[in-house]
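Okay, everyone, thanks for coming.

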Amino acid sequence: MTDDLGILINRLSEAKNVVALTGAGVSAESGIKTFRDPDGLWSKFNPMELASVEGFMKNSDLVWSWYRHRVDVINNSQPNAGHYALAEIQKLNKFEFTLITQNVDGLHQKSGSYDVVELHGSIIRNKCFDCNEEFIDEIDSNDVNLQRCGYCSGKIRPDVVWFGEMLPRNAILKAENAAINSDVFFSIGTSAEVFPAADLPIISKNRGSLVVEINPNRTRISDLVDIYLPYTSAEILPIILNELKGIN
Ligand code: NAD
Ligand code: ZN
């Protein structure tokens with residue numbers, strides 16, 4: 001075990017509250033592309049056209065069909081060893097564990113995590129652009145046509161947070177509260193470029209939490225964290241899980 005891992009396991013053995021903030025990198029090993037990496041989604045698509053209210057108003061058909069394509073990719077992907085390790089860490093019940101994700105793909109829940117705080121919504125849920133009512137009709141996986149609301153005939157959009165939109169109030173309050181009270185805070189597979197999520201590790205650090213970053217590439221916060229682990233999430237999280245299982 002490296003020194004860093006030893007320090008981490010030691011702190012985890014005494015921790016009461018542990019938080020993990022995850023980003024697109026956690027799903028990279030499940031075959032779902034990240035946004036900002038060189039071959040990521042934003043290198044091929046214009047984020048303002050596809051992930052903003054203005055973009056949806058300008059070309060709803062294009063935006064909707066792009067999301068249907070992403071849902072199809074997500075439905076055909078499986079959680080990886082990183083997702084499963086996080087779910088098992090939660091089930092060990094060694095500490096209060098809050099899993100906060102910026103991902104919209106539902107893979108944490110699919111791997112068995114519960115009470116996941118979804119900061120950016122879910123691509124699997126849809127809602128009405130006009131009246132905000134949830135849209136629960138089954139949509140055929142091949143159907144890329146824009147759907148209409150049964151209440152007001154408004155256009156249906158994915159229930160994700162677009163550029164310029166507010167985060168769900170409950171989710172951000174829960175996340176901030178967990179960050180403030182954490183003894184150990186993991187930032188995993190996120191570039192820490194998107195706010196307010198990117199503030200969470202800093203909030204924890206200022207409250208004396210041990211902040212640990214897991215990311216094969218250095219990020220905006222790598223110099224600020226207590227422990228930087230330069231591994232992929234599927235590589236290192238199962239190792240951390242195993243070490244934790246060895247603690248009484
Ligand atoms: P990002 O694309 O900005 O950053 C991804 C980070 O993951 C990078 O720092 C990269 O070095 C790291 N990474 C790549 N492979 C990794 C691996 N195997 N293990 C660990 N880390 C790895 O993504 P972000 O920080 O999550 O950006 C936030 C936005 O991206 C959010 O709005 C989120 O909703 C959205 N997003 C979600 C998904 C998803 O649901 N799977 C996919 C793409 C983007
Ligand atoms: Zn409606």
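So, the shell around ligand 1: the element that gives the largest share is α2, with three residues. Before we go on, keep in mind that this is a predicted model.

There are 28 residues around ligand 1 in total. The ones that come nearest are Arg-36, Gln-102, Asp-105, Thr-190 and Ser-191. What kinds of residues make up that shell? Sorted by class, we get 15 polar, seven nonpolar and six charged residues.

Now let's look at some individual contacts. Start with Thr-190, one of the nearest residues. An N or O atom in the Thr-190 side chain is 2.7 Å from an oxygen atom of ligand 1. Next, find Asn-215: its side chain also has an N or O atom, and that one is 2.7 Å from an oxygen of the ligand. Then there's Ser-233, where the backbone takes part: a backbone N or O atom lies 3.1 Å from a nitrogen atom of ligand 1. How much of the ligand does the protein cover? On its own, ligand 1 has 850 Å² of accessible area, and the protein covers 93% of that.

Okay, next up: the space itself. Which space does ligand 1 take? It's the largest pocket. That pocket holds about 1,100 Å³ of space. Its lining is made of 47 residues, and nearest the centre you'll find Gly-23, Ala-24, Thr-34, Phe-35 and Arg-36. Of the elements, α2 gives the most, three residues. By class, the pocket lining has 19 nonpolar residues, 17 polar and 11 charged.

Now for another kind of space. If you're wondering how anyone finds such things, rolling a probe the size of a water molecule over the atoms shows where empty space is left. How many cavities of 30 Å³ or more does a search of the whole structure find? One. The largest cavity has about 50 Å³ of space. Its lining includes Leu-12, Val-18, Phe-95, Ile-188 and Leu-244. The elements giving two or more residues to that lining are β1 (17-22), α7 (81-91), β7 (184-188) and α11 (233-245), and the largest share comes from α11, with three. Which classes do these lining residues belong to? The count is 12 nonpolar, with no polar and no charged residues.

Go to Phe-195 and Pro-196: the peptide bond that joins them is cis, with omega at about 5°. Pro-196 sits in the loop between β7 and α10 (200-206). The other detail is Ser-153, in the loop between β5 (134-135) and β6 (156-160). Its phi is near 65°, a positive value in a residue other than glycine.

Terms used
Residues are numbered from 1 along each chain as its sequence is written. Chains are lettered from A and ligands numbered from 1 in the order in which they are written. This is a predicted model: local features need pLDDT of at least 70, side-chain atom pairs count only at pLDDT 80 or more; totals for chains, interfaces and linings use all residues. Side-chain values use heavy atoms; hydrogens and water are left out. On a 1 Å grid over the protein atoms alone, a cavity is a set of points where a 1.4 Å probe fits but cannot get out, and a pocket is an open set with protein on both sides within 12 Å along at least five of seven lines; lining residues have an atom within 4 Å of a point. Grid points are joined across faces, edges and corners, and a volume is the space filled by probe spheres set on the points. Helices (H or I, at least four residues) and strands (E, at least two) are DSSP runs, numbered from the N terminus. Ala, Val, Leu, Ile, Met, Phe, Trp, Tyr, Cys and Pro count as nonpolar, Asp, Glu, Lys and Arg as charged, and the others, Gly among them, as polar. A residue is near a molecule or strand if one of its heavy atoms lies within 4 Å of it. A polar contact is a pair of N or O atoms within 3.5 Å; within protein, one must be able to donate a hydrogen and the other to accept it, and residues adjacent in sequence count only if both atoms are side-chain atoms. Accessible areas come from the Shrake-Rupley method with a 1.4 Å probe; for residues, only the protein chains shown count as cover. A molecule sits in a cavity or pocket if more than half of its atoms lie within 2 Å of its grid points.
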